[in-house]
Amino acid sequence: MSNFKITEMEGDLFSAPDLYSLAHCVAADFGMGAGIAVKFKQLYGRVNELLAQAVQTGGVAVLKDNKRFIYYLVTKDQSWDKPTYSSLRSSLEEMRKHMKSNNVEKLAMPRIGCGIDGLEWDKVNAELIEVFKNENVQIVVYNFVPK
C-alpha cells in the first residue's frame, strides 16, 4: 500500500519547506528565460552544471541544494518548443527513479507544463498520479496567485 498523495495549494512554490525537493519543466538548452524557470535560474543558477549533465528530452537534470534536490524536467529540445505528454511522462519517470534511489518522499512543483508550455492541468495531473501512485511520495502543487 503506497502513501501517495497529491495536494494543491495557493502560494509561492519557493516558500515550500526545505524538506521538499522542487521540480519544474525546462528545455534541453536550459535557456530558462521565461515563466517560473527564470526564478529557478536566479535562485539556483549553476546552468553550466545542468548543461554538463547532457540530458535529452524526456530526461531529468538534478542539482543538490543543501538537503533537497532541484529537478529540471527536460520536456522539450529548445526553449521555444512545446512539450508533449509523452516527453513529460518520460521525465516524470526519470525523476521518480532518482527520488526512489535518494529516498525523496516530498516534492513541490508548480502546475508543470501548464503555463507557457500550454499543457492541460487535468492531463498533467493524471500523468503525475499514474507515475507516482505506487510510491511513498507526497506532492504539493503550488498555484501562484499574484496579489
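## The second largest pocket

What volume does the second largest pocket have? The answer is about 150 Å³. This is a predicted model, where local features need pLDDT of at least 70, side-chain atom pairs count only at pLDDT 80 or more, and totals for chains, interfaces and linings use all residues. Residues are numbered from 1 along each chain as its sequence is written, and side-chain values use heavy atoms, with hydrogens and water left out.

A pocket here is an open set of points on a 1 Å grid over the protein atoms alone, where a 1.4 Å probe fits, with protein on both sides within 12 Å along at least five of seven lines; lining residues have an atom within 4 Å of a point. Among the residues lining the second largest pocket are R96, M99, K100, F132 and E135. Helix α3 (residues 85-101) supplies the largest share of that lining, 3 residues.

## The largest pocket

The largest pocket holds about 670 Å³ of space. Its lining counts 31 residues, with A34, G35, I36, A37 and I116 nearest the centre. Two or more lining residues come from each of β2 (21-27), α1 (36-44) and β6 (138-143), and β2 gives the most, with 4 residues.

## A look at T75

T75 sits in strand β4 (residues 68-76).

Conventions: Points joined across faces, edges and corners; volume = space filled by probe spheres on them.
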